[in-house]
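Reader: Could you walk me through how to read a few local features in a structure?
Author: Gladly; let us look at it together.

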Amino acid sequence: MTHTVFIDGEAGTTGLQIRDRLGARADLEILSIDPEKRKDPQARAELLNAADLVVLCLPDEASREAVSMISSNSVKVIDASTAFRTAPGWTYGFPEKSRTQRDEIRGATRVANPGCWPTGFIGLVRPLVEAGLLPKDYPLTAHGVSGYTGGGKGLIAEMEGDPSSGTRDAHRIYGLTLAHKHLPEMLANTGIAAPPVFAPAVGRYAQGMIVEVPLHLSLLPGRPGAAELHAALAAAYEGERFVEVASLEECGALQKDRAGAAGYVPRLDPEALNGTNRMRLFVFANEDAGQARLVALLDNLGKGASGAAVQNLNLMLGLDEGEGL
């Protein structure tokens, strides 16, 4: 059986990557709009109602408008914006969030694709809350660095343009209002009582990201060590094909300085998983100091966007979850 898919916003960064992932598949037929009619409401409405599944790769308001144009009860929708990530009637599209989330996505007609930063944050934090290692009222912080493609067309043009008219910044912090649009979904999908202090940054490289959550172990019940934190994460993702927890041995090797190399900085490459739908989680701890750093490594355009959308599409259409990934 061939399923029809329409990507509304296929010319954008996420839309292009989703189309690339789906384009060679024999089990799907991709419906496309005439480029000259992309802003024609009637032409868009026809395709939005003709497909078995629609993927929206649009700004928030445009996504809301597109959903309002769908009158067919048989059309399934995946939205890649932030518009519906905490909205009633929408299922959160992070299959590894819990043991029941995958089945919820399979049975859903409206799925909100997670943000890239929340994917890393939720992946690290939720299992520890569920295991009772992390109190719901613990004062969390989250930070890290993402490739500039996460900033949309404007930032991509700035970073890839002529430096004389663009920027020479190697690293830029943002979200300085402390009211980032990802915070509601980070709060809603972890079980914590208050949103974290979120300190994101963007680097001068296209894609890939590292998300960090530091912990004061002495403030946690029972003062858990690396082994307890790692065991909770490993149990949560046992058997998963796209989320993996690095072994404590690998984490320990990354923590050690290279013998005789003064000032050596261990390498955890934010671009290591680019082009994949994978996420790897790490636990680094200094138990004598009572501190730990939880780290998530993923592609902001892969597991953080297009890969997750394809994974959700497969589930919603009753296909093998890893098809095309």
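Predicted model: local features only at pLDDT ≥ 70, side-chain atom pairs only at ≥ 80, totals over all residues.

Author: Residues are numbered from 1 along each chain as its sequence is written, and side-chain values use heavy atoms, with hydrogens and water left out.

Reader: Where does Asp-299 lie?
Author: Helices (H or I, at least four residues) and strands (E, at least two) are DSSP runs, numbered from the N terminus. Asp-299 sits in the loop that joins strand E14 (291-298) to helix H10 (302-316).

Reader: Is Asp-299 buried or exposed?
Author: Buried means under 20% relative accessible area, exposed over 50%, and partly exposed in between (1.4 Å probe, protein chains only). Asp-299 counts as buried because its relative accessible area is 0%.

Reader: With which side chain does the side chain of Asp-299 make a polar contact?
Author: A polar contact is a pair of N or O atoms within 3.5 Å; within protein, one must be able to donate a hydrogen and the other to accept it, and residues adjacent in sequence count only if both atoms are side-chain atoms. Here the partner is the side chain of Gln-207, at 2.9 Å.

Reader: How many aromatic pairs does a search of the whole structure find?
Author: Rings of Phe, Tyr and Trp (its six-membered ring) pair if their centres lie within 6.5 Å; planes under 30 degrees apart count as stacked, over 60 as edge-to-face and the rest as tilted. The search finds 3. One of them is Phe-84 with Trp-90, stacked at 4.1 Å centre to centre with 10° between the planes.
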